[in-house]
Amino acid sequence: MVQRITYRRRHAYATRSNKVRKLRKPGGALTVQYLKKKTKGPQTPAGDHGRIHGVPHLKKTAYSNKHMAKNKKSVSRSYGGVLSGGAVRERIVRAFLVEEQKIVKKVLKLQAAK
């Protein structure tokens, strides 16, 4: 038969804020370990809701300079801790295509003038 365990705190419902994990102590006793909620982590300001890879998913207060070093909050890339890799790539490609479009317009204008 399965050994039963009880909550250790006064919150008796299995809600999102009351997640527990079964843990066996060295003496063989079964107890509960309370888990913290997982956060979404930093995301890009653009509408694509991309996550910034390489930056840990922590609570907002944990990102303060008091709790986390500056080099842990960013990635070594242009727009490192601000935009996701996909968002940066999209911006680069868009800028390139705009420049190409300008060149094409210029060439068509010269051909029309001849």
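Tutor: Helices (H or I, at least four residues) and strands (E, at least two) are DSSP runs, numbered from the N terminus. Along the sequence the pattern reads β-β-α. The radius of gyration is 26 Å, well over the 13 Å that the globule rule gives for 114 residues, so the chain is more spread out than a compact globule. That radius is taken over C-alpha atoms, and the rule is 2.2 Å times the number of residues to the power 0.38.

This is a predicted model: local features need pLDDT of at least 70, and side-chain atom pairs count only at pLDDT 80 or more, while totals for chains, interfaces and linings use all residues. Residues are numbered from 1 along each chain as its sequence is written, and side-chain values use heavy atoms, leaving out hydrogens and water.

Some overall numbers come next. The C-alpha trace spans about 90 × 35 × 25 Å along its principal axes. Buried residues make up 16% of the 114 residues. Buried means under 20% relative accessible area, exposed means over 50%, and partly exposed lies in between (1.4 Å probe, protein chains only). The chain exposes about 10,100 Å², with 57% supplied by carbon and sulfur atoms. Areas come from the Shrake-Rupley method with a 1.4 Å probe; for residues, only the protein chains shown count as cover. Of the contacts with a separation of 6 or more, 24% join residues 24 or more positions apart. Contact means heavy atoms within 4.5 Å.

Now the close look: helix 1. Helix 1 covers residues 85-113. The structure holds two salt bridges. A salt bridge is a side-chain nitrogen of Lys or Arg within 4 Å of a carboxyl oxygen of Asp or Glu. One joins Arg 94 to Glu 90, with the closest N and O atoms 3.1 Å apart. These two residues are four apart in helix 1, so about one helical turn separates them. Glu 90 is partly exposed, at 45% relative accessible area.

The other bridge pairs Glu 99 with Lys 102, and here the closest N and O atoms are 3.6 Å apart. Glu 99 and Lys 102 are three residues apart in helix 1, so again about one helical turn lies between them. Glu 99 is partly exposed too, at 42%.

Next, the greasy side chains. Val 93, Phe 96 and Leu 97 form a nonpolar surface patch, with about 290 Å² of accessible area together. Leu 97 lies in helix 1. Patches take residues with over 30% relative accessible area and no salt bridge: like charges are joined within 9 Å, nonpolar side chains (Val, Leu, Ile, Met, Phe, Trp, Tyr) within 5 Å.

Met 68 counts as buried because its relative accessibility is 9%. Beyond neighbours within four places in sequence, Met 68 is in contact with Pro 56, Leu 58, Ala 62, Tyr 63 and Lys 73. Thr 44 sits 24 residues from Met 68 in sequence and 20 Å away, C-alpha to C-alpha. Tyr 79 is in that loop as well. Its phi is near 60 degrees, a positive value in a residue other than glycine. Tyr 79 is partly exposed, at 48%.

Last, the strands. Strand 1 (residues 20-24) and strand 2 pair in the antiparallel sense over five bridges. Pairing requires that DSSP finds at least two bridges between the strands. Lys 22 stands opposite Val 32, and Arg 24 stands opposite Leu 30. Five residues lie between the strands of this hairpin, where Gly 28 takes a positive phi near 100 degrees. Asn 18 belongs to the segment before strand 1. Asn 18 is buried, at 4%. Leaving out residues up to four places away in sequence, Asn 18 touches Tyr 7, His 11, Ala 12, Tyr 13 and Tyr 34.
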